[in-house]
Amino acid sequence: MAENSRRRPRTPADHWGVLAAALIMAAAGWFGLYQLVNVQIPAAGPRWLFFVLLHLAVTGTVLPIVRYFNVRLTPVSQPLPSGGVIVRQSIWIGLFAVTCAWLRMPRALTPAIAFFIGLAFLVVEVFIRMREIAFERESR
């Protein structure tokens, strides 16, 4: 009985919407990338479309994984992060993938550069999340 009291309530409605959006984003992004790579000749316009589709595909793909980690790592006594927080964290990962792909084109990407770009995104997200949590505690 004590174990049931420590269980988290059912999945919030905004999380279901986020997961549905993730499915649509991932499907559209990966299908678009497949079509772009197999049909289009390399040029400047499709190159930017490649980055947009890559961002869409990576963000949609990692969104359920980010949600899983947020649900698993949030203490039971704390409320779950909103769907907006989960989407924002997934967008950071998509932006990291696009930045690495963009730097890879002129062969400027090194492991150190990738590490520090990822670290910068992580630090920004931690500060944003700390500010949100402090604001939520203040408003209670």
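Let's start with helix 5: its 29 residues should span 42 Å at 1.5 Å a residue, and its end C-alpha atoms are 42 Å apart, which agrees. (The expected span is 1.5 Å times one less than the number of residues; helices are DSSP runs of H or I with at least four residues, numbered from the N terminus.) This is a predicted model, in which local features need pLDDT of at least 70 and side-chain atom pairs count only at pLDDT 80 or more, while totals for chains, interfaces and linings use all residues. Residues are numbered from 1 along each chain as its sequence is written, and side-chain values use heavy atoms, leaving out hydrogens and water.

**Helix 5: its two kinds of residue**

- Ala114, Ile117, Phe121, Glu125 and Arg129 of helix 5 are buried, where buried means under 20% relative accessible area, exposed means over 50%, and partly exposed is in between (1.4 Å probe, protein chains only).
- Helix 4 (83-104) is included in what covers these buried residues.
- Phe115, Phe116, Leu119, Leu122, Val123, Val126, Phe127 and Met130 make a nonpolar surface patch of about 800 Å².
- For such a patch, residues need over 30% relative accessible area and no salt bridge, and nonpolar side chains (Val, Leu, Ile, Met, Phe, Trp, Tyr) are joined within 5 Å; the areas come from the Shrake-Rupley method with a 1.4 Å probe.
- Valine 123, one of the patch residues, sits in helix 5 (residues 111-139) and counts as partly exposed because its relative accessibility is 35%.

- The structure holds three salt bridges, each a side-chain nitrogen of Lys or Arg within 4 Å of a carboxyl oxygen of Asp or Glu.
- Glutamate 125 pairs with arginine 88, with the closest N and O atoms 2.9 Å apart; glutamate 125 is in helix 5 and arginine 88 in helix 4, so this bridge ties together parts 37 residues apart in sequence.
- Glutamate 125 is buried, at a relative accessible area of 8%.
- Arginine 88 also bridges to glutamate 132, where the closest N and O atoms are 2.7 Å apart; this pair ties together parts 44 residues apart in sequence, because arginine 88 lies in helix 4 and glutamate 132 in helix 5.
- Glutamate 132 is partly exposed, at 23% relative accessibility.
- Glutamate 132 forms a salt bridge with arginine 129 as well, at 2.8 Å between the closest N and O atoms; being three residues apart in helix 5, they are separated by about one helical turn.
- Arginine 129 is buried, with a relative accessible area of 16%.
- Shared partners join Arg88, Glu125, Arg129 and Glu132 into one network.

- The 27 residues of helix 2 (residues 13-39) should span 39 Å at 1.5 Å a residue, and the end C-alpha atoms are 39 Å apart, in agreement.
- Buried residues in helix 2 include His15, Val18, Gly29 and Leu33.
- The largest nonpolar core has 14 residues, and Leu33, Leu54, Leu63 and Ile86 have the most contacts inside it. (A core is a set of buried Ala, Val, Leu, Ile, Met, Phe, Trp, Tyr and Cys residues joined through side-chain atoms within 4.5 Å.)
- Helix 2, helix 3 (44-73) and helix 4 each give two or more residues to this core, and helix 3 gives the most, with eight.

- Histidine 15 lies in helix 2 and counts as buried, at 1% relative accessibility.
- Leaving aside neighbours within four places in sequence, histidine 15 is in contact (heavy atoms within 4.5 Å) with Arg67, Leu80, Pro81, Ser82, Gly83 and Ile86.
- With such neighbours again left aside, the contacts of isoleucine 86 include His15, Val18, Leu63 and Val66.

Notes: Patches are made of residues with over 30% relative accessible area and no salt bridge: like charges are joined within 9 Å, nonpolar side chains (Val, Leu, Ile, Met, Phe, Trp, Tyr) within 5 Å.
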